[in-house]
Amino acid sequence: MQPRVYPRAQHPISRAAISDNALKVLYRLRDAGFRSCLVGGGVRDLLLGREPKDFDVATDAHPEDVRRLFRNCRLIGRRFRLAHVTFGREIIEVATFRAPIGAEEEDDGNVELSEDGRILRDNCYGTIEQDARRRDFTVNALYYDIADYSVLDFTNGVKDLHEGVLRLIGNDPEQRLREDPVRMLRAVRFAAKLGLRLAPEVDDALHRHSDLLTTAAPARLFDEVLKLFHSGAAVTCLDELERFGLFAIMFPQTAECFGEPDSGSGVRAFLVEALTNTDSRIQDGLGVHPAFLYAALLWAPVQREAQARLDAGEEPALAWQQAASAVLERQAQRVSIPRRHALVVREIWELQQRLPRSQGARAARLLTHPRFRAGYDFLCLRARAGQADPDLCDWWTRFQDSDEARQQDAVWASSGTEPAPVGSRPRRRRRRKARPAS
């Protein structure tokens with residue numbers, strides 16, 4: 001299969017737009033006699049005039065070859081053996097060209113499939129032409145060859161990119177989704193983030209085979225959820241996930257709350273408000289914490305669980321603690337949340353109970369809570385969605401923005417007592433002299 005070759009004069013990609021560290025990897029592989037290409041989303045984004053989030057390299061060098069060339073390299077992965085070349089906080093991922101399943105003997109341990117056709121292990125190496133056919137979407141099977149700075153297109157990806165179409169590679173969409181069900185989530189994300197429309201056969205395959213997502217590992221779905229909702233198009237992703245039935249598979253408790261006849265629309269409105277806020281922060285270049293996203297996604301289920309426990313007579317603090325544990329435990333069966341993030345989720349929820357009750361001296365102490373800002377932001381988010389008192393949010397806004405003297409006035413005012421005059425000192429209590437023993 002011969003690629004469509006776009007020489008440097010026929011495409012807009014400039015080396016000035018490529019990470020210096022990615023160029024170092026590309027050049028060193030080339031100088032060592034290997035073929036090295038920038039591949040995937042980095043090439044796609046550069047062709048669209050967008051700034052890539054990261055840069056991936058594909059090569060005919062095996063992972064062990066890459067490790068010998070770079071001291072700052074480590075090999076990772078069992079399912080796909082990859083080389084990570086680290087430059088401070090930047091990681092350049094290097095993958096060896098892969099061959100189609102069945103191209104080599106499968107009893108050598110390099111390829112392993114599940115009973116339903118899902119790829120469990122795949123370290124069967126091949127040519128660049130074979131590697132292009134193994135990728136998921138045509139717009140992701142584009143290669144920027146550092147040898148002559150040309151773009152290589154094996155699957156008509158450039159044409160699909162210009163026409164705004166997201167198309168799976170190959171003639172059997174169902175088989176491609178069985179190989180890796182997470183491709184369904186990638187399809188939703190790329191379409192939403194890049195403004196592409198799904199090819200009709202892809203749209204149909206997602207509708208018919210959404211249940212394949214139940215076979216994906218919960219730990220892997222954690223990262224995929226972050227990519228979806230931190231893409232800058234989170235609201236669109238939510239709409240599309242619901243359209244294909246994928247959201248209910250990943251977040252069944254939240255989907256059940258969406259379906260409540262009395263409160264469902266309000267529950268969804270709150271989540272849309274949270275995702276709109278996330279999109280705004282992403283577009284403004286601000287940070288977003290994974291725990292805040294998951295706190296919003298699971299807020300309705302934890303409220304429902306806590307209320308059921310309160311109605312059963314449980315003490316409020318214990319009811320909320322037990323509710324948080326139950327909701328997070330059930331969620332882990334579909335999308336697992338690392339413990340370090342789950343602890344922050346619980347703290348954000350806990351603060352929703354403490355912020356309304358923290359007046360007087362408690363308010364000043366609560367400002368020092370390590371998760372105060374996240375809890376306060378969550379409270380104001382709830383207020384905008386009509387789930388909390390806006391005046392409470394305003395009070396905390398003024399309180400934390402005040403100087404120390406005004407904070408002290410607010411503390412005294414809310415406690416109902418008068419502050420001591422400025423400059424006065426509290427009277428010391430005189431110690432009584434001990435009487436001699438008689």
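This is a predicted model: local features need pLDDT of at least 70, side-chain atom pairs count only at pLDDT 80 or more; totals for chains, interfaces and linings use all residues.
**Exercise 1. What percentage of the 438 residues of the chain count as buried?**

Residues are numbered from 1 along each chain as its sequence is written, and side-chain values use heavy atoms, with hydrogens and water left out.

*Step 1.* Read off the share: 46% of the 438 residues count as buried.

**Exercise 2. Describe where H369 sits and what surrounds it.**

*Step 1.* Locate H369 in the loop between α18 (361-366) and α19 (372-384). Helices here are DSSP runs of H or I with at least four residues, strands are runs of E with at least two, and both are numbered from the N terminus.

*Step 2.* Check its cover: H369 is buried because its relative accessible area is 16%.

*Step 3.* Look for its partners. The H369 side chain reaches the backbone nitrogen of R371 at 2.9 Å. Not counting residues up to four places away in sequence, H369 also touches E347, L351 and R354, where contact means heavy atoms within 4.5 Å.

**Exercise 3. Which residues of the largest nonpolar core touch the most other members?**

*Step 1.* Recall that a nonpolar core is a set of buried Ala, Val, Leu, Ile, Met, Phe, Trp, Tyr and Cys residues joined through side-chain atoms within 4.5 Å.

*Step 2.* Among the 75 residues of this core, F229, M250, Y294 and W349 touch the most other members. Helix α7 (residues 183-194) gives the largest share, eight residues.

*Step 3.* Follow Y294: leaving aside neighbours within four places in sequence, its contacts include L221, F251, I337 and W349. Another core, of 27 residues, lies apart from the largest one, with L29 and I146 among its members.

**Exercise 4. Find how well helix α14 (residues 290-297) is covered.**

*Step 1.* Count the buried residues: eight of the eight in α14 are buried.

*Step 2.* Pick out examples, including P290, F292, Y294 and L297.

**Exercise 5. Which helix supplies the largest share of the lining of the second largest pocket?**

*Step 1.* Start with the helices that each supply at least two lining residues: α13 (264-283), α14, α17 (339-354) and α19.

*Step 2.* The largest share, five residues, comes from α19.

Terms used. Buried means under 20% relative accessible area, exposed over 50%, partly exposed in between (1.4 Å probe, protein chains only). A polar contact is a pair of N or O atoms within 3.5 Å; within protein, one must be able to donate a hydrogen and the other to accept it, and residues adjacent in sequence count only if both atoms are side-chain atoms.
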